[in-house]
Every structure is written in C-alpha cells, then in structure tokens.
Amino acid sequence: MDWWQTGIIYQIYPRSFKDSNGDGIGDLEGIISQLDYLNGTPESLGIDAIWISPIFPSPMADFGYDISDYTNIHPIFGNLEAFDRLIDEAHRRNIRVILDFVPNHTSDEHEWFLESRSSRDNPKRDWYIWRDAKPDGSPPNNWGSMFGGEAWTWDEQTQQYYLHLFLDKQPDLNWRNPEVEAAMLDVLRFWLDRGVDGFRIDVMSYIVKDKHFRDNPVLPDVRAVAPNNLWGKLEHLYDIDQPETHDIIRRIRRLFDSYQQRVLIGEVWVANQEAWIKYYGQNLDELHLPFNFDLLLCPWDAGAMRTAVNNLEAALPVGAHPNYVLGNHDISRLATRFGERAIRVAAMMLLTLRGTPTIYMGEELGMIDGVIPPERIQDPQGINLGADRTRDVCRTPFQWSSDSFAGFSIVEPWLPVAEGHLTRNVEVQSRDPYSILSLYRQLIRLRRNSPALGSGSYQEVLKDSETCFAYLREAEDEQYLIALNFTNCEQQLILEGQGKILLSTHLDREETVDLSTVTLRPDEGLIIRLIK
Ligand code: NOJ
C-alpha cells in the first residue's frame, strides 16, 4: 500500500496555526517550529502528512483561495527559502507535505486576469470566461455565486461579463482553453519538482462549465434560502461537474504519476454518490482520493453513520481507496456540530474506519467554534450571506497553551481565540493522560502499529442497532472489533466470543471481556482485539 493509503493526513489552516513573527497571523516559520508536535518524537501526535491551505501571494479576499501568483509564497507566510526549509524539516520527521491547488479561479489581481480584462483582443482574453450581456443588459444566464449574488460581473471597460462561481475577486479560469491547462500543469510541476508530496485540489468538480451556458433549473422550494443566495436556489446542472472535467483530471494524474509517490486529492462537491465516485476515474486514473464528506454531513446518529460507511464500501470500485473527513476550515467544529460528548467516539470512528482519515487541526484538542463579534467577521461568506454562515468560527487560533492568545501569538490574533482555551490546549492536555489529545495520540499509535486498523478489511456487525455502530477490522491474524456507543446511556453489546479491550475512549479500561456481556458506558467507544 502507498503512504497515502495507510497514513493519516492533518490539515493546517496556516493563518491560524502558529505565529512566529508577532503579526497576529500564522506563518511557515510557525509551522516549522511545531513540527515535533506532529511527528518525529515519542510524544508527537504521529500523523503522516500535513495538508496546508493556500500559502501563495493573494489579496486575501478569500484568505488565500484567491491566488495572485501560483509560484511564490505570500510574504505574510514567509518566502520560498522558508518553504524549502519546511519541506526538509517535515521530511526529516517523516511528514509529507501536501499543498492546496486552486485551479477553478485566480484572484482578479493575478496578472493573467489583469491582461485578460485589459482588452477584448488581449491574448489572455480567453483564459477567463467572458460573455456578452443579454439584449436587456442582464447577465448571460441565471447562475449564482456561492458567496452570494450573481455569478457574473460586468466589466465597463470591455463591455462584457466575466464569470465567478465565488467572489467577483475570484474570476473563473477557462479550462476549455488548452493554454490555461498548460500553464496550470506548469504550476504543479514547479511545486512537485520542489519536493511537494501531493496536492489537495480546490473545488475540482467545478473547473469546467457547460459549453452553451444554459440556465440552471430553479429549485422548487427556496423559502429557507437567504434572498441573495442565488447559488442555493439552483440545481447545479450546468455550472459544475461537466463530463469534460474528467479528461482534465486524467491529464493532471498522468503528471503526478510521472513523479514518485505523489498524492492527488480533490475536493469534489457533486449531486450524488454516483457522480462523486466517477472522480476516482474509470480505470482509477483520476483522483487518488476524492475527499469524502459523507460523515461530515451526517447527524450524530449511529444508523446514519453506519449507512454512510456501508454505502461507500458497497459503491467503491475494486482498488479504490476510501477516505473520511469529519472537519475542515469550511464547517463548524466537531464539538459544536455534534456536541461535546461526541468528540471521543468521533475520533475513534475516524481513526479506525477503513480508509485515509483527515484530521482538521484543533479537533484533537476538542476545540469548539469561536464566537466572532459581528464587527470582527472576516470571512466573505459570513459578510455576504449572514453571520450564521461565517467560517471564521472554525478558523480561530490553534490553542497551544494557557498563555494569552493561547500561545498562538504574542499579539491579538487576526481572529479571537475560542472559549475554553485554558483547558483545551496542547500544554495542559499533554500532561493529562485522560485528555482528548491523549486519546488521539493513542488511537494514532494503535492504528500505525496494527495491520488490521491500518489496512485491514471492514465488515459491519450489529446491523440493526439504533444506538451503536460496530464493525470488524481484519488483517492477517489480527481481528479487531470497534464498538461505538452514540448515545448517552449504557448499551449492552451481546456478541459472541472473547476479546481484550485495547482502548476505551475513556482511556481507563484494558481488560479481557466476554463479548456476550460487554457493556459500553455512555458515549464510550471500545477497540477490542478478538481472542480466537
Ligand atoms: C473551497 C475551499 O475549501 C473554501 O475555503 C474556498 O472558499 C472555496 N473553495 C473557494 O476557493
């Protein structure tokens, strides 16, 4: 198996991980200074790869997802020299480095767009998506931006509209133009040659649009959708997930395959699982891992989680590798979304399922959503679509210690520190053998040292339970039972045979048990090695 199949990925949102130079914003030096926390020492968390959200020059209209230069580092984060050092220091600790590639759109301050908008006959005009107005002056079709309002912005100077599925400051590239593809493959080469171990590709499924720019159908019931959320009112038939996307991904994959051991991960939002699975490629020649958000979208419910896992297991083509995501920089934190009582069982589930887990930084501390005063909202989604939609809540500073600003910075950080940092921090939790951080460390250790958990088969047990999700992981002569109680009441397992409890989410139990009588305490998960 490849490293990205057995390994664990840890997502770093670089603005909020560690500030080394006292400007209130995280940076590359900060990441380098904390690599030991992640891997390389006996006390480390033990993850195998970091995925770093965008660190490239950017006006920061969407905090780095609006890139103005693909082959450099934003001075806020450092420079190429610091980046090379990060790669070296990470590799020395057996940490692979995955960068974020944003191919759907650039910043409107990228020189390609400046050229493109300068005149209708500029050689880069067709690098972006320009269309005439309708006869009445309105936009070419009814498409909406994910960040509110129309997906089209009028350009006075050249008298055409340009398309942006996100902010007007994020114009969409025209991937039907082969010059765009060639330029973007060069960007990937630039970083792969520098030793980057892979990419997470932003909204991979959005890059190609309908050739005829047809209107999207309007959804029948849009009462719950904010008035300016035009995106939320449409069925996305023509603006995303077009068949030509797959040809492009295959060519990107070919580039990756010309290097050794690089991983291609993609963010894929599409209408359903059938469409999603296509992103592995018919011959598994597209994405190694299309991010799987099924669990992230589930309520905290044993049946819902089991169904999501089983559906995936049943649908995956032979050889396609599963993966699971429970949190990222776009969604409310686990402890807030599922409730604090759920975080231990959630960690055990994520780290014992078959497939590559991605941990979002701070989940291992049980961080909760930050409270962002209205005047401090930074995220354009929150500014445009309402405070309840702001993603700032999950982007607050990482909590290193009980010091002021949680040890993240010596000055007031760009976003306020979330509540509870006096207990939910690395320093305090490292000393506490029962902390959620200690649980993550033990789960990761167990997974790394066990063929059954790292690469074994998956089989569900207790098919009909409404309270527990339980499954077997099996490899060679190792057989592990994972039993997760999703309720806050005791549950009886009633299975057959004998086993040894290796780990409880409560971290206080290691004993031989008879599976016909084993009891799960409220919100407890167990990893039990079966005794033959
Ligand atoms: C998905 C990213 O995860 C999100 O943070 C970003 O705003 C959009 N893509 C646009 O690039």
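Q: Is Asp210 buried or exposed?
A: Asp210 is buried, at a relative accessible area of 4%, where buried means under 20% relative accessible area, exposed over 50% and partly exposed in between, with a 1.4 Å probe and protein chains only. This is a predicted model, in which local features need pLDDT of at least 70 and side-chain atom pairs count only at pLDDT 80 or more, while totals for chains, interfaces and linings use all residues. Residues are numbered from 1 along each chain as its sequence is written, and side-chain values use heavy atoms, with hydrogens and water left out.

Q: And what does Asp210 form a salt bridge with?
A: Its partner is Arg214, with the closest N and O atoms 3.0 Å apart; a salt bridge here is a side-chain nitrogen of Lys or Arg within 4 Å of a carboxyl oxygen of Asp or Glu. Arg214 is partly exposed, with a relative accessible area of 39%.

Q: How many salt bridges does the structure hold?
A: There are 39 salt bridges in the structure. One of them pairs Glu29 with Arg85, at 2.9 Å between the closest N and O atoms. Glu29 lies in helix α2 (residues 28-33) and Arg85 in helix α4 (residues 80-92), so this pair ties together parts 56 residues apart in sequence; helices are DSSP runs of H or I of at least four residues, strands are runs of E of at least two, and both are numbered from the N terminus.

Q: Ok, what about Asp379 and Arg391, how far is it from N to O?
A: The side chains of Asp379 and Arg391 meet in a salt bridge at 2.8 Å, N to O. Asp379 is buried at 0% relative accessible area, and Arg391 is buried at 8%. Salt bridges with shared partners join Asp379 and Arg391 with Asp62, Asp330 and Arg395 into one network.

Q: Switching to helices, at what angle do α6 and α7 pack?
A: Helix α6 (residues 178-193) and helix α7 (residues 244-257) pack at about 30°, with their axes 11 Å apart; the axes are lines fitted to C-alpha atoms over the stretch in contact, and angles run from 0 to 180 degrees between N-to-C directions. That makes α6 roughly parallel to α7, since angles under 35 degrees count as roughly parallel, over 145 as roughly antiparallel, 65 to 115 as roughly perpendicular and the rest as oblique.

Q: Which residues make the contact?
A: With contact meaning heavy atoms within 4.5 Å, the residues include Leu185 and Leu188 of α6 and Ile248 and Phe256 of α7.
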